[in-house]
Amino acid sequence: MPQAPDIQALKQKAFEFRKEILETLNLAGSGHPGGSLSAVEIMVALYFYKMQHRPTDPKWEDRDRMIVSKGHVSPVVYVTLANAGYFPKEELKRFRKMGSFLQGHVHVKTPGVEFNTGSLGHGLSVANGIAIGAKLLKKSFRTFCLMGDGELQEGSVWEAAMTAAHHKLDNVCAIVDYNQVQENGLISDIKNLEPLTTKWQSFGWHVLSVDGHDLSVLIAALDQAQATKDKPTVIIANTLKGKGVKFMELQAGWHGKAPNTQQLKDALEILERV
Amino acid sequence: MTEMIATRDGFGNELVELGKTNDKILVFSGDLEDATRAEYFKKAYPARFFNLGITEQDVVGTAAGASTLGFVTFATSFAVFLTNRAYDQIRMDVCYNNCNVKVVCSHAGLTVGQDGASAQCLEDFAIMRVLPNIRVICPVDNIEVCKATRTIVAENGPIYMRTSRAPLPVITQQSDPFVIGKANVMRDGKDVAIIACGIMVSESLAAAEILKGQGIDARVINMHTIKPIDKDAIIAAAKETGAVVTAEEHQMYGGLGSAVVEVLAQHQPVPVEMVAVADSFGESGTPEELLKAYHLKDVDIAQAVRKVIKRKK
(Lines give C-alpha, C1' and ligand atoms only; values in the text may rest on other atoms or scores of the structure.)
Protein backbone atom coordinates (compact mmCIF):
# COMPACT_ATOMS: atom_id res chain seq x y z
CA MET A 1 0.00 0.00 0.00
CA PRO A 2 1.49 3.36 -0.97
CA GLN A 3 2.01 5.75 1.90
CA ALA A 4 0.87 9.38 1.76
CA PRO A 5 -1.06 9.23 -1.46
CA ASP A 6 -0.58 12.11 -3.86
CA ILE A 7 -4.15 13.40 -3.83
CA GLN A 8 -3.47 15.95 -6.57
CA ALA A 9 -2.22 13.23 -8.89
CA LEU A 10 -5.24 11.07 -8.12
CA LYS A 11 -7.55 14.02 -8.80
CA GLN A 12 -5.90 14.52 -12.14
CA LYS A 13 -6.51 10.84 -12.92
CA ALA A 14 -10.19 11.25 -12.03
CA PHE A 15 -10.41 14.21 -14.41
CA GLU A 16 -8.78 12.23 -17.22
CA PHE A 17 -10.95 9.19 -16.52
CA ARG A 18 -14.15 11.20 -16.91
CA LYS A 19 -12.93 12.46 -20.25
CA GLU A 20 -12.07 8.97 -21.41
CA ILE A 21 -15.37 7.56 -20.17
CA LEU A 22 -17.28 10.12 -22.23
CA GLU A 23 -15.14 9.50 -25.32
CA THR A 24 -15.47 5.74 -24.95
CA LEU A 25 -19.25 5.99 -24.68
CA ASN A 26 -19.48 8.34 -27.64
CA LEU A 27 -17.54 5.94 -29.85
CA ALA A 28 -19.62 2.96 -28.71
CA GLY A 29 -22.86 4.84 -29.28
CA SER A 30 -24.46 3.22 -26.25
CA GLY A 31 -23.70 2.48 -22.61
CA HIS A 32 -24.06 3.92 -19.14
CA PRO A 33 -22.50 7.31 -18.34
CA GLY A 34 -24.39 8.32 -15.17
CA GLY A 35 -23.24 5.57 -12.84
CA SER A 36 -19.79 5.52 -14.41
CA LEU A 37 -19.15 9.19 -13.77
CA SER A 38 -20.38 8.91 -10.18
CA ALA A 39 -17.98 6.04 -9.41
CA VAL A 40 -14.77 7.59 -10.77
CA GLU A 41 -13.23 8.59 -7.42
CA ILE A 42 -14.20 5.22 -5.92
CA MET A 43 -12.36 3.38 -8.68
CA VAL A 44 -9.34 5.68 -8.55
CA ALA A 45 -9.05 5.24 -4.77
CA LEU A 46 -9.31 1.47 -5.12
CA TYR A 47 -7.03 0.78 -8.06
CA PHE A 48 -4.47 3.53 -7.48
CA TYR A 49 -4.31 3.45 -3.71
CA LYS A 50 -5.95 0.62 -1.84
CA MET A 51 -5.98 -2.54 -3.86
CA GLN A 52 -3.11 -5.00 -3.97
CA HIS A 53 -3.01 -6.01 -7.61
CA ARG A 54 -0.61 -6.60 -10.49
CA PRO A 55 -1.84 -5.38 -13.87
CA THR A 56 0.88 -7.39 -15.60
CA ASP A 57 -0.17 -10.52 -13.70
CA PRO A 58 -3.97 -10.26 -13.49
CA LYS A 59 -4.37 -13.77 -12.02
CA TRP A 60 -1.80 -13.28 -9.22
CA GLU A 61 -3.30 -15.47 -6.53
CA ASP A 62 -2.93 -13.05 -3.63
CA ARG A 63 -4.51 -10.09 -5.42
CA ASP A 64 -7.40 -8.24 -3.87
CA ARG A 65 -10.61 -9.12 -5.67
CA MET A 66 -13.08 -6.64 -7.07
CA ILE A 67 -16.61 -7.73 -7.91
CA VAL A 68 -18.41 -5.08 -9.92
CA SER A 69 -21.97 -5.88 -8.93
CA LYS A 70 -23.34 -3.00 -10.99
CA GLY A 71 -21.95 -4.48 -14.17
CA HIS A 72 -23.40 -1.78 -16.39
CA VAL A 73 -20.77 0.74 -15.29
CA SER A 74 -18.31 -1.01 -17.55
CA PRO A 75 -17.02 2.32 -18.94
CA VAL A 76 -15.49 3.40 -15.64
CA VAL A 77 -14.22 -0.13 -15.01
CA TYR A 78 -12.55 -0.42 -18.42
CA VAL A 79 -11.06 3.06 -18.31
CA THR A 80 -9.66 2.31 -14.85
CA LEU A 81 -8.20 -1.05 -15.89
CA ALA A 82 -6.70 0.36 -19.09
CA ASN A 83 -5.06 3.20 -17.18
CA ALA A 84 -3.78 0.77 -14.56
CA GLY A 85 -2.06 -1.13 -17.37
CA TYR A 86 -4.23 -4.24 -17.76
CA PHE A 87 -4.62 -3.66 -21.49
CA PRO A 88 -3.83 -0.95 -24.05
CA LYS A 89 -6.05 2.12 -23.97
CA GLU A 90 -6.49 1.75 -27.71
CA GLU A 91 -8.88 -1.14 -26.97
CA LEU A 92 -11.36 1.29 -25.38
CA LYS A 93 -12.30 2.29 -28.93
CA ARG A 94 -13.72 -1.21 -29.38
CA PHE A 95 -16.03 -1.02 -26.34
CA ARG A 96 -19.32 -2.83 -27.10
CA LYS A 97 -18.11 -3.76 -30.57
CA MET A 98 -18.50 -7.27 -31.98
CA GLY A 99 -15.50 -9.40 -31.11
CA SER A 100 -14.09 -7.02 -28.49
CA PHE A 101 -13.28 -8.25 -25.01
CA LEU A 102 -14.92 -5.08 -23.72
CA GLN A 103 -18.46 -6.40 -23.41
CA GLY A 104 -21.40 -4.12 -22.64
CA HIS A 105 -21.47 -5.40 -19.09
CA VAL A 106 -18.24 -6.43 -17.41
CA HIS A 107 -16.90 -9.83 -18.43
CA VAL A 108 -13.87 -11.90 -17.47
CA LYS A 109 -12.66 -11.73 -21.06
CA THR A 110 -11.29 -8.36 -19.99
CA PRO A 111 -7.97 -8.65 -18.15
CA GLY A 112 -8.59 -7.49 -14.59
CA VAL A 113 -12.30 -8.32 -14.47
CA GLU A 114 -12.99 -11.02 -11.88
CA PHE A 115 -16.59 -11.99 -12.60
CA ASN A 116 -19.26 -11.52 -15.24
CA THR A 117 -22.12 -9.41 -13.97
CA GLY A 118 -25.03 -7.46 -15.39
CA SER A 119 -28.06 -8.71 -13.51
CA LEU A 120 -28.26 -6.62 -10.36
CA GLY A 121 -28.10 -7.90 -6.81
CA HIS A 122 -25.63 -10.72 -7.46
CA GLY A 123 -22.21 -9.34 -6.60
CA LEU A 124 -22.27 -9.30 -2.82
CA SER A 125 -23.04 -13.02 -2.56
CA VAL A 126 -20.20 -13.74 -4.97
CA ALA A 127 -17.85 -11.51 -2.96
CA ASN A 128 -18.87 -13.31 0.23
CA GLY A 129 -18.13 -16.66 -1.37
CA ILE A 130 -14.65 -15.47 -2.28
CA ALA A 131 -14.16 -14.12 1.24
CA ILE A 132 -15.28 -17.39 2.83
CA GLY A 133 -12.89 -19.27 0.55
CA ALA A 134 -10.06 -16.87 1.37
CA LYS A 135 -10.50 -17.44 5.08
CA LEU A 136 -10.46 -21.21 4.58
CA LEU A 137 -7.26 -20.88 2.56
CA LYS A 138 -5.84 -18.49 5.17
CA LYS A 139 -5.30 -15.87 2.50
CA SER A 140 -5.16 -12.24 3.57
CA PHE A 141 -6.38 -10.62 0.37
CA ARG A 142 -9.54 -8.54 0.52
CA THR A 143 -12.66 -8.64 -1.60
CA PHE A 144 -14.35 -5.43 -2.69
CA CYS A 145 -17.84 -5.21 -4.11
CA LEU A 146 -19.03 -2.13 -5.99
CA MET A 147 -22.79 -1.81 -5.85
CA GLY A 148 -25.28 0.65 -7.20
CA ASP A 149 -27.80 2.30 -4.94
CA GLY A 150 -30.80 1.28 -7.01
CA GLU A 151 -29.41 -2.23 -6.85
CA LEU A 152 -30.06 -2.26 -3.11
CA GLN A 153 -33.74 -2.64 -3.97
CA GLU A 154 -32.93 -6.25 -4.93
CA GLY A 155 -33.76 -8.56 -2.02
CA SER A 156 -30.78 -10.78 -2.77
CA VAL A 157 -28.46 -7.97 -1.61
CA TRP A 158 -29.91 -8.27 1.88
CA GLU A 159 -29.60 -12.05 1.88
CA ALA A 160 -25.91 -11.51 1.21
CA ALA A 161 -25.68 -8.72 3.77
CA MET A 162 -26.90 -11.15 6.44
CA THR A 163 -24.41 -13.79 5.36
CA ALA A 164 -21.42 -11.43 5.52
CA ALA A 165 -22.34 -10.24 9.00
CA HIS A 166 -23.20 -13.69 10.32
CA HIS A 167 -19.91 -15.13 9.13
CA LYS A 168 -17.96 -12.05 10.29
CA LEU A 169 -16.49 -11.48 6.84
CA ASP A 170 -14.18 -8.61 7.74
CA ASN A 171 -12.31 -9.30 4.51
CA VAL A 172 -15.29 -7.99 2.54
CA CYS A 173 -15.70 -4.31 1.80
CA ALA A 174 -18.85 -3.26 -0.01
CA ILE A 175 -19.01 0.15 -1.60
CA VAL A 176 -22.37 1.63 -2.45
CA ASP A 177 -22.25 4.31 -5.12
CA TYR A 178 -25.14 6.30 -3.69
CA ASN A 179 -25.66 8.57 -6.69
CA GLN A 180 -29.37 8.99 -5.92
CA VAL A 181 -30.76 8.19 -9.34
CA GLN A 182 -31.95 4.97 -10.98
CA GLU A 183 -33.13 4.30 -14.53
CA ASN A 184 -36.49 6.01 -14.26
CA GLY A 185 -35.94 8.71 -11.70
CA LEU A 186 -34.89 9.53 -8.18
CA ILE A 187 -34.50 6.62 -5.82
CA SER A 188 -36.24 8.60 -3.13
CA ASP A 189 -39.30 8.82 -5.39
CA ILE A 190 -39.26 5.24 -6.69
CA LYS A 191 -38.34 3.10 -3.69
CA ASN A 192 -36.57 4.97 -0.95
CA LEU A 193 -33.48 3.40 0.65
CA GLU A 194 -33.40 5.62 3.72
CA PRO A 195 -32.39 5.36 6.45
CA LEU A 196 -29.56 3.61 4.64
CA THR A 197 -26.84 3.89 7.28
CA THR A 198 -28.94 2.44 10.05
CA LYS A 199 -30.30 -0.17 7.64
CA TRP A 200 -26.80 -1.55 7.06
CA GLN A 201 -25.95 -1.15 10.75
CA SER A 202 -29.00 -3.14 11.73
CA PHE A 203 -27.80 -5.88 9.37
CA GLY A 204 -24.62 -6.08 11.42
CA TRP A 205 -22.25 -4.08 9.24
CA HIS A 206 -19.66 -1.47 10.06
CA VAL A 207 -20.89 1.52 8.08
CA LEU A 208 -18.96 4.51 6.83
CA SER A 209 -20.96 7.20 5.08
CA VAL A 210 -18.62 9.51 3.19
CA ASP A 211 -18.39 12.02 0.36
CA GLY A 212 -17.81 9.68 -2.56
CA HIS A 213 -16.13 12.37 -4.63
CA ASP A 214 -13.56 13.31 -2.00
CA LEU A 215 -10.52 11.14 -2.59
CA SER A 216 -9.00 11.90 0.81
CA VAL A 217 -12.02 10.74 2.74
CA LEU A 218 -12.53 7.74 0.47
CA ILE A 219 -8.96 6.67 1.10
CA ALA A 220 -9.37 7.13 4.84
CA ALA A 221 -12.58 5.08 4.72
CA LEU A 222 -10.91 2.25 2.80
CA ASP A 223 -8.13 2.18 5.40
CA GLN A 224 -10.64 2.19 8.23
CA ALA A 225 -12.54 -0.67 6.59
CA GLN A 226 -9.39 -2.76 6.48
CA ALA A 227 -8.67 -2.05 10.11
CA THR A 228 -12.13 -3.17 11.20
CA LYS A 229 -12.18 -6.76 12.45
CA ASP A 230 -15.01 -9.28 12.89
CA LYS A 231 -17.45 -7.28 10.78
CA PRO A 232 -17.82 -6.51 7.12
CA THR A 233 -17.65 -2.84 6.20
CA VAL A 234 -19.85 -0.96 3.80
CA ILE A 235 -18.74 2.41 2.53
CA ILE A 236 -21.73 4.43 1.51
CA ALA A 237 -20.19 6.77 -1.02
CA ASN A 238 -22.49 9.75 -1.36
CA THR A 239 -22.17 10.81 -4.95
CA LEU A 240 -23.98 12.49 -7.81
CA LYS A 241 -25.10 10.52 -10.83
CA GLY A 242 -23.36 11.98 -13.86
CA LYS A 243 -20.83 13.84 -11.67
CA GLY A 244 -18.62 16.31 -13.51
CA VAL A 245 -20.90 17.08 -16.43
CA LYS A 246 -23.50 19.58 -15.27
CA PHE A 247 -26.16 18.64 -17.80
CA MET A 248 -25.89 14.96 -16.85
CA GLU A 249 -25.92 15.37 -13.09
CA LEU A 250 -28.90 13.75 -11.33
CA GLN A 251 -30.56 13.22 -14.71
CA ALA A 252 -32.12 9.77 -15.03
CA GLY A 253 -32.06 10.23 -18.80
CA TRP A 254 -28.26 9.86 -18.67
CA HIS A 255 -28.38 6.52 -16.88
CA GLY A 256 -28.09 4.48 -20.04
CA LYS A 257 -27.52 6.80 -22.99
CA ALA A 258 -24.26 7.66 -24.72
CA PRO A 259 -23.45 11.26 -25.63
CA ASN A 260 -23.51 12.03 -29.34
CA THR A 261 -20.62 13.96 -30.83
CA GLN A 262 -22.06 17.41 -30.09
CA GLN A 263 -22.99 16.36 -26.56
CA LEU A 264 -19.48 14.98 -26.07
CA LYS A 265 -18.01 18.29 -27.22
CA ASP A 266 -20.30 20.20 -24.84
CA ALA A 267 -19.50 17.83 -21.98
CA LEU A 268 -15.74 18.06 -22.42
CA GLU A 269 -15.93 21.88 -22.53
CA ILE A 270 -17.66 22.08 -19.16
CA LEU A 271 -16.07 18.99 -17.57
CA GLU A 272 -15.50 19.82 -13.93
CA ARG A 273 -12.33 19.18 -11.97
CA VAL A 274 -13.85 17.52 -8.92
CA MET B 1 -36.72 -58.32 -2.81
CA THR B 2 -35.03 -55.37 -4.48
CA GLU B 3 -33.30 -53.01 -2.11
CA MET B 4 -34.97 -49.58 -1.87
CA ILE B 5 -32.88 -46.48 -1.16
CA ALA B 6 -33.49 -42.80 -1.93
CA THR B 7 -30.83 -41.32 -4.18
CA ARG B 8 -30.46 -38.40 -1.76
CA ASP B 9 -28.99 -40.89 0.72
CA GLY B 10 -26.39 -42.13 -1.72
CA PHE B 11 -25.45 -38.56 -2.55
CA GLY B 12 -25.00 -37.66 1.12
CA ASN B 13 -22.95 -40.74 1.89
CA GLU B 14 -20.72 -40.47 -1.16
CA LEU B 15 -19.97 -36.81 -0.50
CA VAL B 16 -18.65 -37.77 2.93
CA GLU B 17 -16.43 -40.40 1.30
CA LEU B 18 -15.10 -37.87 -1.19
CA GLY B 19 -14.48 -35.35 1.58
CA LYS B 20 -11.96 -37.68 3.18
CA THR B 21 -9.43 -37.11 0.43
CA ASN B 22 -10.62 -33.88 -1.16
CA ASP B 23 -10.51 -30.80 1.05
CA LYS B 24 -11.56 -28.57 -1.82
CA ILE B 25 -15.20 -29.62 -1.55
CA LEU B 26 -17.41 -26.98 0.05
CA VAL B 27 -21.12 -27.47 0.62
CA PHE B 28 -23.65 -24.66 0.86
CA SER B 29 -27.20 -25.30 1.98
CA GLY B 30 -30.43 -23.34 2.08
CA ASP B 31 -31.39 -24.78 5.48
CA LEU B 32 -32.54 -28.12 4.08
CA GLU B 33 -29.42 -30.21 4.67
CA ASP B 34 -31.42 -32.60 6.83
CA ALA B 35 -33.63 -33.36 3.84
CA THR B 36 -31.02 -33.24 1.05
CA ARG B 37 -28.62 -35.36 3.16
CA ALA B 38 -25.93 -32.71 2.85
CA GLU B 39 -25.95 -32.86 6.65
CA TYR B 40 -23.85 -36.01 6.51
CA PHE B 41 -21.10 -33.80 5.11
CA LYS B 42 -21.84 -31.13 7.71
CA LYS B 43 -21.34 -33.61 10.52
CA ALA B 44 -18.12 -34.95 9.02
CA TYR B 45 -16.56 -31.65 7.95
CA PRO B 46 -18.27 -28.75 9.77
CA ALA B 47 -15.65 -26.22 8.66
CA ARG B 48 -16.42 -26.88 5.00
CA PHE B 49 -20.17 -26.72 5.33
CA PHE B 50 -22.29 -23.57 5.34
CA ASN B 51 -25.99 -23.37 6.06
CA LEU B 52 -26.65 -19.89 4.69
CA GLY B 53 -30.26 -19.93 5.81
CA ILE B 54 -33.38 -19.69 3.70
CA THR B 55 -31.72 -17.64 0.99
CA GLU B 56 -31.46 -19.67 -2.20
CA GLN B 57 -30.13 -16.82 -4.33
CA ASP B 58 -27.38 -16.23 -1.79
CA VAL B 59 -26.59 -19.94 -1.61
CA VAL B 60 -25.93 -20.12 -5.34
CA GLY B 61 -24.09 -16.80 -5.60
CA THR B 62 -21.85 -17.62 -2.63
CA ALA B 63 -21.08 -21.08 -4.01
CA ALA B 64 -20.14 -19.45 -7.32
CA GLY B 65 -17.85 -16.94 -5.63
CA ALA B 66 -16.04 -19.57 -3.58
CA SER B 67 -15.54 -21.74 -6.66
CA THR B 68 -13.38 -19.04 -8.23
CA LEU B 69 -10.67 -19.91 -5.68
CA GLY B 70 -10.43 -23.51 -6.85
CA PHE B 71 -13.07 -25.08 -4.63
CA VAL B 72 -15.64 -27.55 -5.93
CA THR B 73 -18.75 -26.05 -4.44
CA PHE B 74 -22.15 -27.63 -3.92
CA ALA B 75 -25.34 -25.58 -3.78
CA THR B 76 -28.02 -27.73 -2.20
CA SER B 77 -31.72 -27.47 -1.46
CA PHE B 78 -35.00 -28.76 -2.82
CA ALA B 79 -35.20 -28.73 -6.60
CA VAL B 80 -38.14 -26.40 -6.64
CA PHE B 81 -36.39 -23.75 -4.56
CA LEU B 82 -32.94 -23.71 -6.13
CA THR B 83 -33.88 -24.07 -9.78
CA ASN B 84 -36.80 -21.69 -9.57
CA ARG B 85 -35.99 -19.18 -6.84
CA ALA B 86 -32.31 -18.91 -7.71
CA TYR B 87 -32.67 -19.28 -11.47
CA ASP B 88 -31.02 -15.96 -12.25
CA GLN B 89 -28.04 -16.86 -10.05
CA ILE B 90 -27.73 -20.24 -11.74
CA ARG B 91 -27.90 -18.52 -15.13
CA MET B 92 -25.58 -15.60 -14.41
CA ASP B 93 -23.23 -16.65 -11.63
CA VAL B 94 -22.91 -20.36 -12.36
CA CYS B 95 -23.53 -20.84 -16.09
CA TYR B 96 -22.48 -17.51 -17.62
CA ASN B 97 -19.35 -17.53 -15.47
CA ASN B 98 -18.88 -21.26 -16.09
CA CYS B 99 -18.16 -21.81 -12.40
CA ASN B 100 -17.30 -25.17 -10.91
CA VAL B 101 -20.59 -25.31 -9.00
CA LYS B 102 -22.68 -28.43 -8.56
CA VAL B 103 -26.34 -27.66 -8.04
CA VAL B 104 -27.65 -30.78 -6.32
CA CYS B 105 -31.33 -30.87 -5.50
CA SER B 106 -33.49 -33.40 -3.79
CA HIS B 107 -37.27 -33.51 -3.67
CA ALA B 108 -37.97 -33.37 -7.37
CA GLY B 109 -40.99 -34.93 -9.01
CA LEU B 110 -44.37 -36.06 -7.76
CA THR B 111 -42.81 -38.62 -5.43
CA VAL B 112 -42.02 -35.83 -2.97
CA GLY B 113 -45.46 -36.96 -1.90
CA GLN B 114 -47.56 -35.47 0.88
CA ASP B 115 -46.04 -31.97 0.80
CA GLY B 116 -47.98 -31.44 -2.41
CA ALA B 117 -47.58 -29.35 -5.53
CA SER B 118 -45.60 -26.45 -4.07
CA ALA B 119 -42.67 -28.77 -3.32
CA GLN B 120 -42.99 -31.10 -6.31
CA CYS B 121 -40.58 -29.74 -8.89
CA LEU B 122 -41.69 -30.84 -12.35
CA GLU B 123 -39.80 -28.33 -14.47
CA ASP B 124 -36.16 -28.59 -13.40
CA PHE B 125 -34.93 -30.53 -16.46
CA ALA B 126 -36.58 -28.03 -18.77
CA ILE B 127 -35.29 -24.87 -17.17
CA MET B 128 -31.82 -26.21 -16.42
CA ARG B 129 -31.08 -27.79 -19.77
CA VAL B 130 -31.88 -24.62 -21.68
CA LEU B 131 -28.92 -22.86 -20.04
CA PRO B 132 -25.52 -22.96 -21.77
CA ASN B 133 -22.54 -24.67 -20.05
CA ILE B 134 -24.56 -26.73 -17.56
CA ARG B 135 -24.97 -30.51 -17.65
CA VAL B 136 -28.12 -32.11 -16.27
CA ILE B 137 -28.22 -35.54 -14.68
CA CYS B 138 -30.73 -37.69 -12.83
CA PRO B 139 -29.24 -40.86 -11.34
CA VAL B 140 -31.41 -43.94 -11.37
CA ASP B 141 -30.54 -45.57 -8.05
CA ASN B 142 -28.27 -45.61 -5.05
CA ILE B 143 -25.36 -47.23 -6.87
CA GLU B 144 -25.53 -44.83 -9.77
CA VAL B 145 -25.88 -41.72 -7.61
CA CYS B 146 -22.65 -42.61 -5.82
CA LYS B 147 -20.84 -42.89 -9.15
CA ALA B 148 -22.49 -39.68 -10.32
CA THR B 149 -21.41 -37.82 -7.19
CA ARG B 150 -17.80 -38.93 -7.73
CA THR B 151 -18.03 -37.97 -11.39
CA ILE B 152 -19.41 -34.49 -10.84
CA VAL B 153 -16.65 -33.71 -8.35
CA ALA B 154 -14.07 -34.85 -10.89
CA GLU B 155 -15.65 -32.97 -13.80
CA ASN B 156 -15.02 -29.25 -14.03
CA GLY B 157 -17.94 -26.89 -14.68
CA PRO B 158 -21.59 -26.42 -13.82
CA ILE B 159 -23.68 -29.53 -13.24
CA TYR B 160 -27.26 -29.93 -12.06
CA MET B 161 -28.11 -33.22 -10.37
CA ARG B 162 -31.57 -34.27 -9.28
CA THR B 163 -31.94 -36.71 -6.39
CA SER B 164 -35.05 -38.37 -5.02
CA ARG B 165 -36.76 -38.23 -1.67
CA ALA B 166 -38.61 -41.45 -2.38
CA PRO B 167 -36.73 -44.74 -1.97
CA LEU B 168 -35.92 -46.16 -5.42
CA PRO B 169 -35.19 -49.77 -6.29
CA VAL B 170 -31.52 -50.55 -6.77
CA ILE B 171 -31.39 -51.80 -10.35
CA THR B 172 -27.80 -51.23 -11.45
CA GLN B 173 -24.58 -53.05 -10.61
CA GLN B 174 -21.35 -51.68 -9.21
CA SER B 175 -19.67 -52.82 -12.42
CA ASP B 176 -21.99 -50.80 -14.71
CA PRO B 177 -20.30 -47.79 -16.26
CA PHE B 178 -21.43 -44.27 -15.46
CA VAL B 179 -20.30 -41.69 -17.98
CA ILE B 180 -22.04 -38.33 -18.27
CA GLY B 181 -23.79 -38.22 -21.64
CA LYS B 182 -23.66 -42.00 -22.21
CA ALA B 183 -26.94 -43.80 -21.72
CA ASN B 184 -27.08 -47.33 -20.34
CA VAL B 185 -29.24 -49.99 -21.95
CA MET B 186 -30.95 -51.80 -19.09
CA ARG B 187 -32.71 -54.36 -21.23
CA ASP B 188 -32.38 -55.02 -24.90
CA GLY B 189 -35.40 -55.28 -27.22
CA LYS B 190 -36.30 -54.96 -30.88
CA ASP B 191 -39.92 -53.73 -31.07
CA VAL B 192 -39.75 -50.42 -29.22
CA ALA B 193 -37.32 -48.38 -27.13
CA ILE B 194 -38.40 -46.92 -23.81
CA ILE B 195 -36.11 -44.06 -22.86
CA ALA B 196 -36.49 -43.10 -19.22
CA CYS B 197 -34.71 -41.52 -16.27
CA GLY B 198 -34.90 -41.67 -12.50
CA ILE B 199 -37.75 -43.60 -10.97
CA MET B 200 -39.28 -44.13 -14.40
CA VAL B 201 -36.53 -46.55 -15.39
CA SER B 202 -37.75 -49.17 -12.95
CA GLU B 203 -41.35 -48.49 -14.02
CA SER B 204 -40.21 -49.00 -17.61
CA LEU B 205 -38.55 -52.30 -16.74
CA ALA B 206 -41.82 -53.41 -15.14
CA ALA B 207 -43.66 -52.25 -18.25
CA ALA B 208 -41.29 -54.31 -20.38
CA GLU B 209 -42.24 -57.38 -18.34
CA ILE B 210 -45.95 -56.68 -18.91
CA LEU B 211 -45.28 -56.21 -22.64
CA LYS B 212 -43.27 -59.40 -22.84
CA GLY B 213 -46.39 -61.30 -21.88
CA GLN B 214 -48.14 -59.58 -24.78
CA GLY B 215 -45.45 -60.52 -27.27
CA ILE B 216 -43.76 -57.12 -27.38
CA ASP B 217 -40.00 -56.97 -26.96
CA ALA B 218 -39.09 -53.61 -25.42
CA ARG B 219 -35.66 -52.07 -25.01
CA VAL B 220 -35.27 -49.99 -21.86
CA ILE B 221 -32.68 -47.22 -21.78
CA ASN B 222 -31.55 -45.43 -18.62
CA MET B 223 -30.99 -41.90 -19.89
CA HIS B 224 -29.38 -40.63 -16.69
CA THR B 225 -28.00 -37.59 -18.50
CA ILE B 226 -30.61 -35.21 -19.87
CA LYS B 227 -27.92 -32.83 -21.12
CA PRO B 228 -25.81 -33.50 -23.08
CA ILE B 229 -28.31 -36.05 -24.33
CA ASP B 230 -26.88 -39.28 -25.78
CA LYS B 231 -27.73 -38.71 -29.43
CA ASP B 232 -26.10 -41.92 -30.60
CA ALA B 233 -28.09 -44.11 -28.23
CA ILE B 234 -31.35 -42.39 -29.25
CA ILE B 235 -30.69 -42.66 -32.97
CA ALA B 236 -29.58 -46.28 -32.67
CA ALA B 237 -32.68 -47.14 -30.63
CA ALA B 238 -34.95 -45.51 -33.19
CA LYS B 239 -33.22 -47.20 -36.12
CA GLU B 240 -33.24 -50.61 -34.53
CA THR B 241 -36.74 -50.59 -33.00
CA GLY B 242 -38.67 -48.08 -35.10
CA ALA B 243 -40.61 -46.55 -32.19
CA VAL B 244 -39.81 -44.66 -29.00
CA VAL B 245 -41.60 -44.03 -25.72
CA THR B 246 -40.13 -41.54 -23.25
CA ALA B 247 -40.88 -41.68 -19.55
CA GLU B 248 -40.02 -39.08 -16.92
CA GLU B 249 -41.24 -37.72 -13.62
CA HIS B 250 -41.41 -34.21 -15.06
CA GLN B 251 -43.69 -32.00 -17.08
CA MET B 252 -44.44 -33.15 -20.61
CA TYR B 253 -42.85 -29.99 -21.98
CA GLY B 254 -39.16 -29.30 -22.11
CA GLY B 255 -37.76 -32.29 -20.25
CA LEU B 256 -36.31 -35.66 -21.23
CA GLY B 257 -39.07 -36.37 -23.74
CA SER B 258 -38.51 -33.07 -25.48
CA ALA B 259 -34.76 -33.62 -25.57
CA VAL B 260 -35.25 -37.05 -27.14
CA VAL B 261 -37.75 -35.72 -29.67
CA GLU B 262 -35.37 -32.92 -30.65
CA VAL B 263 -32.82 -35.57 -31.64
CA LEU B 264 -35.32 -37.83 -33.38
CA ALA B 265 -37.01 -35.08 -35.38
CA GLN B 266 -33.66 -34.00 -36.79
CA HIS B 267 -31.93 -37.33 -37.28
CA GLN B 268 -34.25 -40.32 -37.25
CA PRO B 269 -37.98 -39.51 -37.22
CA VAL B 270 -40.03 -42.36 -35.75
CA PRO B 271 -43.37 -42.45 -33.89
CA VAL B 272 -43.00 -41.26 -30.28
CA GLU B 273 -45.26 -41.33 -27.24
CA MET B 274 -44.34 -39.37 -24.14
CA VAL B 275 -45.19 -40.45 -20.62
CA ALA B 276 -44.91 -37.43 -18.34
CA VAL B 277 -47.03 -35.08 -16.25
CA ALA B 278 -49.54 -33.55 -18.63
CA ASP B 279 -49.17 -29.83 -18.00
CA SER B 280 -50.52 -29.77 -14.47
CA PHE B 281 -49.36 -29.29 -10.90
CA GLY B 282 -49.30 -32.22 -8.53
CA GLU B 283 -51.07 -32.57 -5.17
CA SER B 284 -50.70 -34.30 -1.80
CA GLY B 285 -50.66 -38.06 -1.69
CA THR B 286 -48.32 -40.99 -1.30
CA PRO B 287 -45.72 -41.39 -4.05
CA GLU B 288 -47.47 -44.51 -5.30
CA GLU B 289 -50.92 -42.87 -5.33
CA LEU B 290 -49.49 -39.90 -7.21
CA LEU B 291 -47.69 -41.98 -9.83
CA LYS B 292 -50.99 -43.77 -10.49
CA ALA B 293 -53.11 -40.62 -10.54
CA TYR B 294 -50.77 -38.84 -12.94
CA HIS B 295 -50.36 -41.87 -15.20
CA LEU B 296 -46.68 -42.50 -14.61
CA LYS B 297 -46.95 -46.21 -13.74
CA ASP B 298 -45.69 -49.29 -15.57
CA VAL B 299 -49.19 -49.87 -16.96
CA ASP B 300 -49.24 -46.35 -18.40
CA ILE B 301 -45.90 -46.90 -20.08
CA ALA B 302 -47.10 -50.26 -21.44
CA GLN B 303 -50.18 -48.56 -22.84
CA ALA B 304 -48.03 -45.88 -24.49
CA VAL B 305 -45.92 -48.63 -26.03
CA ARG B 306 -48.94 -50.41 -27.51
CA LYS B 307 -50.10 -47.07 -28.92
CA VAL B 308 -46.75 -46.21 -30.48
CA ILE B 309 -46.37 -49.66 -32.00
CA LYS B 310 -49.69 -49.24 -33.79
CA ARG B 311 -48.24 -46.10 -35.36
CA LYS B 312 -45.18 -47.89 -36.72
CA LYS B 313 -45.13 -48.17 -40.49
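Leaving out neighbours within four places in sequence, A:Ile175 is in contact with A:Ile42, A:Phe144, A:Cys145, A:Leu146, A:Met147, A:Ile235 and A:Ala237, where contact means C-beta atoms, placed from the backbone, within 7 Å. This is a predicted model, in which local features need pLDDT of at least 70 and side-chain atom pairs pLDDT 80 or more, while totals for chains, interfaces and linings use all residues. Residues are numbered from 1 along each chain as its sequence is written, with chains lettered from A in the order in which they are written.

A:Ile175 also belongs with B:Ile194, B:Val244 and B:Val305 among the residues with the most contacts inside the largest nonpolar core, a set of 190 residues. Such a core joins buried Ala, Val, Leu, Ile, Met, Phe, Trp, Tyr and Cys residues through C-beta atoms within 7 Å; buried means 20 or more other C-beta atoms within 10 Å of a residue's own. Helix H3 (residues 40-50) of chain A gives the largest share, eight residues.

Now to where the chains meet: 19 residues of chain A and 21 residues of chain B take part. On the side of chain A, H5(A) gives the most, with nine residues.

| Helix of chain A giving two or more residues to the side that touches chain B | Residues |
|---|---|
| H5 | 123-136 |
| H6 | 155-166 |

Helices here are DSSP runs (H or I) of at least four residues, and strands (E) of at least two. The buried residues of H6(A), including A:Val157 and A:Ala160, pack against H5 and strand S3 (172-178) of chain A, and against helix H4 (56-67) of chain B. After H6(A) comes A:Lys168, with a positive phi near 50 degrees.

Conventions
A residue is buried if 20 or more other C-beta atoms lie within 10 Å of its own, exposed if 12 or fewer, and partly exposed in between; C-beta atoms are placed from the backbone. Two residues are in contact if their C-beta atoms, placed from the backbone, lie within 7 Å.
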